[in-house]
Amino acid sequence: MFKIRFFLIGAFTTLTVNAQLEKNEFVSGEIWKDTNGTHINAHGGGFLFYKNTYYWFGEHKIAGSQGNSAMVGVGVYASKDLYHWENKGIASAVTEDKNSLIQKGCIIERPKVIYNKHTDKFVMWFHHELKGQGYEAALTGVAIADTITGPYTYLKSFRVHPKVLPQNFSEAQFLKAKPINNRKDENWKQKVIDGAYFVRDFEEGQMSRDMTLFVDDDDVAYHITASEENQTLLISKLSDDYLSLTHEYIRVFPGGRNEAPAIFKKDGKYYMFSSGLTGWSPNPAKLAVSDKMMGDWTYLGNPCKGSEKEKNTTFWSQSTYVLPVQGKKEAFIFMADRWQPKNPIDGRYVWLPVQFKKEIPFLEWFDSWDLSFFDN
Ligand code: GAL
């Protein structure tokens, strides 16, 4: 009897795990198990398709409030079909070395990896904050590897574009703008738009927080980041080796308060999902379009359709990436995080198909869906 019961429990456990893995469906907000049966731990994710495999890089979180900082590093998972994810370990680890900028307890967020065909290297960029300094440092960081799953060698972190003017901000505008530090300043918003934080940080370099990368069809790569106290986005062209920023960059939506940028390209147009600024709590998403990465970007409004609650919270999530599905025409997945700041390891993933009405992208909730959605 004892033996039978034991056998039954065993069989049941195996069945549940297998059912999860074999469902071949995306059920946003649920626990997503890897092929070992463990909740996938790759938050603020970035994706790269390489040699017939998708790779998912993300923040490896731990339980408890400490989990919001980098106690382990950046994890990586691999999948052939986007449903079954194999844990490939830690691609880029934090260190115990107290002299290192990437010491345990610093903040590493939104890692994104791109492959450089010319150098045959994998390059990871991430939002980096220094240990014990909250979000003050506002740096972007770079690491490099010979193999996609790592280990990545940390190269540097920095403020962006010190002493360089963007292409769409003239010297006359620069000379007119007055630095401010105080939000209570009269006409604060207008002053931000006019470049108050920009000139404040001109010598030291501009702040860089929520970020993403985008590689265009011509292999030119771009770094997109929330700057100027998260009030303004900066889009910068990367160098040919993808390891640094060129001086070519623009300010986008000054004073527009955009975070969590995620970019995709369809029919020659560039689209950007972003969020507003409410920390770990969700807020309404925004969508913008441009004919060129380097501007001019135009808002298209909130891309979410559904109830007021769904629209106001982006289905309780914040964007991180838009993945083009391989082998399907015009198939894009909007990928987002449902943060759990009190227990970050329990953060969930929201993936929804990007739909189009009269060429304008929109999102709606599905309790579950699969890739056959794109066959219609
Ligand atoms: C969010 C941001 C996250 C993280 C968080 C910290 O707005 O998108 O990546 O930085 O704030 O509060």
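What is the volume of the largest pocket? In this predicted model, the largest pocket has a volume of about 890 Å³.

The lining of that pocket comprises 32 residues, and those nearest its centre are Phe-214, Val-215, Tyr-321, Pro-324 and Gln-326. Several strands give two or more residues to the lining: E1 (43–50), E5 (107–116), E9 (211–215), E13 and E17 (318–324). By residue class, the lining divides into 21 nonpolar, 8 charged and 3 polar residues.

Strand E13, one of the contributors to the pocket lining, also belongs to an open sheet of 4 strands, in which the order is E13-E14-E15-E16 and the pairing is antiparallel. Strands E13 (259–266) and E16 (298–301) stand at the edges with a single partner strand each, so one side of each has no neighbour in the sheet. From one strand to the next, the twist averages 30 degrees. Strand E13 is joined to the antiparallel strand E14 (residues 269–275) by 6 bridges. Lys-269, in E14, is the bridge partner of Lys-266.

The model also holds a ligand, which is surrounded by Glu-109, Arg-110, Tyr-135, Asp-210, Glu-259, Gly-279, Trp-280 and Gln-318.

| Residue | Side-chain atom | Ligand atom | Distance |
|---|---|---|---|
| Arg-110 | polar | oxygen | 2.9 Å |
| Asp-210 | polar | oxygen | 2.5 Å |
| Gln-318 | N or O | oxygen | 3.0 Å |

Technical notes
Residues are numbered from 1 along each chain as its sequence is written. This is a predicted model: local features need pLDDT of at least 70, side-chain atom pairs count only at pLDDT 80 or more; totals for chains, interfaces and linings use all residues. Side-chain values use heavy atoms; hydrogens and water are left out. Two strands pair if DSSP finds at least two bridges between them. Axes are lines fitted to C-alpha atoms, for helices over the stretch in contact, and angles run from 0 to 180 degrees between N-to-C directions. On a 1 Å grid over the protein atoms alone, a cavity is a set of points where a 1.4 Å probe fits but cannot get out, and a pocket is an open set with protein on both sides within 12 Å along at least five of seven lines; lining residues have an atom within 4 Å of a point. Grid points are joined across faces, edges and corners, and a volume is the space filled by probe spheres set on the points. Ala, Val, Leu, Ile, Met, Phe, Trp, Tyr, Cys and Pro count as nonpolar, Asp, Glu, Lys and Arg as charged, and the others, Gly among them, as polar. A residue is near a molecule or strand if one of its heavy atoms lies within 4 Å of it. A polar contact is a pair of N or O atoms within 3.5 Å; within protein, one must be able to donate a hydrogen and the other to accept it, and residues adjacent in sequence count only if both atoms are side-chain atoms.
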